[in-house]
Amino acid sequence: MYSYKQPREKPIFDTFTKMWLIFVSIALIGVLGYGFYLYNRSSNFSSKIELKNRELNKLQKSILSLKKSIKSIQKRRYISDKIDHSNLLLKNSMKNLFSLVPDQIVLSKLDMDENRLKIEGFTLTKNAYKLLLEPPLKSIFTQSKVIFKYDPYKGKYKFVSINHYKEDK
Amino acid sequence: MSLLNSLKKRLTNQFLSIIVYEEQCNIKQKIIKNSKMIHKEEFNLDIKSQDELGGKVINFINDLQSQYDNTYIALFLNTLGQGLIPGCNVDDLQKFNIDKDGVKTICKDGRFLMYATHIDIKWADNLFVKTGLDFIFSPFLVLDYFIKKEMKKDSFNKEIRVLYLLNSKNSLTLMIEQNDKVLYGTFFSKIKDDNLLHTDYEDEIVNTQELDELDLDNIDELGMEDMLNAASQNDNLTTLLEDDYILSEEDEKIIKYINSSLKEFYSNELYDSDFVCTLKIFDNVGLKEGVVKYIENELLLNCTVDSVNISDALLDLSIKEALDIDV
């Protein structure tokens, strides 16, 4: 260097080009940054989707089991309803039955199931049974049979009445 | 860095050389692309004073600068506050009564040390504050550039002691060289001391307000006083000047300066002096033949004149500095 002064800085790029380069690089950084952000988010999404899928599977499984339990509960409910209903029916029919039994007749045994009623008891006369107990029984049951047997010790007729009820289908 | 440099060489670079005279500013433009010159033009613009370029010149330079991305502006330093000492030892400045803190020095190939005062460099910087400035070249560097060119000629004999003179429109630069060794160097401004030939030099110089303004506390620093005194004592010269040759005031000044320089060279013990018989003038002005004849006959110097262009030298120097190439 043989000059008394150092030359001015001579930038290869002028101010305009520099500004342009800075702008482009800022834009590039922005785009890349946004792209990276989006990529991150999408990968986040896919992991979330996987998680949700697993949850969905779990839920579906639990739905299935719930459905099963609902079914069993419904069955049980149906059964209990049925039982309840039949109990109610039984209660009512018992009530009815007992109200049907006149004073002349004494019941000794009552065997009852869903469609059948077996009554054992004593009556003073056959007619008392036939007039007072048989008609209502016949009106309730589709079939009503009775067998009498005289009990000389008691001076009463022992009877066994078997009644069937057939549901109309 | 080298990649950057090779890239720079491929780009278009504009070089401007500027020489500021009193009423004119010489601007030479050279456009280099791919290490080849593609355009060259010279402009001369009028200025009001040497201390202010003026809006017209500033605008002109800035217009030129705006045309190309890379512009290098080189200034030819032609102010008084500069000089040269032989050898490259900065401490030697003390011997020549120069305050080494007040000057900026540049060593050229270990052969000589150029110096310029910080004031002068600052002046140049201020002058170009609105345009920017890249290089400030010493006239000694320019003269050395021409000497180096001269040395490449086959006819050159380095054994001979030669006084080289660079004649510019407003300054004179002198160097004495032998065997590639610089023995002496001095710089004169043709304007700062207008009445040099007709007045008492000592008083004139010491009292010159302009010099005071430059803050050259002691004119001795430049080694001028002795020189000028020597010149003033040479009574014979004035009579000789009036003899056979019609010389202009300008020409007389040149002769006066050559004479006083030689006297200084011979008389000052600091210089390794011996008789100088050859004078080589690098002329940028157009010296009259009469002057050459006068020098040959009266100063007894074997004188040759080469016409040179300082602007071109400045451009070459700045291209070398900036791109490290020769175009």
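# Two chains of a predicted model

In this predicted model, strand β1 of chain A and strand β2 (residues 116-123) of chain A form an antiparallel pair over 7 bridges.

Me: In β2(A), which residue is the bridge partner of Leu110(A)?
Reply: β1(A) covers residues 105-112, and it pairs with β2(A) in the antiparallel sense. Within that pairing, the bridge partner of Leu110(A) in β2(A) is Ile119(A).

Me: In what order do the 4 strands of the open sheet in chain A stand?
Reply: The pairing in this sheet is antiparallel. Neighbouring strands are turned by 15° against each other on average, direction ignored. The order is β1-β2-β4-β3.

Me: At about what angle to β3(A) does helix α2 of chain A run?
Reply: Chain A has 2 helices and 4 strands, and from the N terminus on its elements run α-β-β-α-β-β. Helix α2 (residues 126-140) of chain A lies across β1, β2, β3 and β4 (156-164) of that chain. Its angle to β3(A) is about 160°.

Me: What percentage of the residues in chain A is buried?
Reply: Chain A has 169 residues. Of its contacts with a separation of 6 or more, 46% are between residues 24 or more positions apart. The buried part of chain A is 8%.

Me: What percentage of the residues in chain B is buried?
Reply: Chain B contains 11 helices and 13 strands. Among its contacts between residues at least 6 apart in sequence, 65% join residues at least 24 apart. Of the 327 residues in chain B, the buried ones make up 40%.

Me: How many residues of chain B are in contact with chain A?
Reply: On the side of chain A that touches chain B, the residues divide into 5 nonpolar, 1 polar and 4 charged. In total, 10 residues of chain A take part, and the number in chain B is 20.

Me: Is Ile106(B) buried, exposed or partly exposed?
Reply: Ile106(B) is found in strand β6 of chain B. Leaving aside neighbours within four places in sequence, its contacts are Tyr2(A), Tyr4(A), Met114(B) and Ser138(B). A residue needs 20 or more C-beta neighbours within 10 Å to be buried, and 12 or fewer to be exposed. Ile106(B) has 18 inside 10 Å, so this residue counts as partly exposed.

Me: How many residues of strand β7 of chain B are buried?
Reply: In a regular strand the side chains alternate between the two faces of the sheet. On one side of β7(B), Phe112(B), Met114(B) and Ala116(B) are buried, and on the other Leu113(B), Tyr115(B) and Thr117(B) are buried. For strand β7 (residues 112-117), the count is 6 of 6.

Me: In β7(B), which residue is the bridge partner of Thr105(B)?
Reply: Strand β5 (residues 82-86) of chain B pairs with β7(B) in the antiparallel sense over 5 bridges, and there Pro86(B) has Phe112(B) as its partner. Strand β6 (residues 103-108) of chain B also runs antiparallel to β7(B), joined by 6 bridges. In β7(B), the partner of Thr105(B) is Tyr115(B).

Me: Which residue takes a positive phi in the hairpin of β6(B) and β7(B)?
Reply: This hairpin has 3 residues between its strands. The phi in question is near 50°, and the residue is Asp109(B).

Me: Which residue of β13(B) stands opposite Asp283(B)?
Reply: Strand β9 (residues 162-167) of chain B is joined by 6 bridges to the parallel strand β12 (residues 278-283) of chain B, where Asn167(B) stands opposite Asp283(B). A further 6 bridges join β12(B) to strand β13 (residues 302-307) of chain B, again in parallel. The chain passes from β12(B) to β13(B) through helix α10 (residues 289-298) of chain B in a right-handed β-α-β crossover. In β13(B), the residue opposite Asp283(B) is Ser307(B).

Me: Are α4(B) and α11(B) roughly parallel or roughly perpendicular?
Reply: The axes of helix α4 (residues 139-151) and helix α11 (residues 310-323) of chain B come within 10 Å and cross at roughly 95°. That makes α4(B) and α11(B) roughly perpendicular.

Me: How many residues in the contact of α4(B) with α11(B) are nonpolar?
Reply: From α4(B), the contact includes Leu141(B), Val142(B), Tyr145(B) and Phe146(B). They meet Ile310(B), Ala313(B), Leu314(B), Asp316(B) and Leu317(B) in α11(B). The contact has no polar residue and 1 charged, and the nonpolar ones number 8.

Methods:
Residues are numbered from 1 along each chain as its sequence is written. Chains are lettered from A and ligands numbered from 1 in the order in which they are written. This is a predicted model: local features need pLDDT of at least 70, side-chain atom pairs count only at pLDDT 80 or more; totals for chains, interfaces and linings use all residues. Two residues are in contact if their C-beta atoms, placed from the backbone, lie within 7 Å. Axes are lines fitted to C-alpha atoms, for helices over the stretch in contact, and angles run from 0 to 180 degrees between N-to-C directions. Angles under 35 degrees count as roughly parallel, over 145 as roughly antiparallel, 65 to 115 as roughly perpendicular and the rest as oblique. Ala, Val, Leu, Ile, Met, Phe, Trp, Tyr, Cys and Pro count as nonpolar, Asp, Glu, Lys and Arg as charged, and the others, Gly among them, as polar. Two strands pair if DSSP finds at least two bridges between them. A crossover is right-handed if, with the strands pointing away from the viewer, the path from the first strand over the helix to the second runs clockwise.
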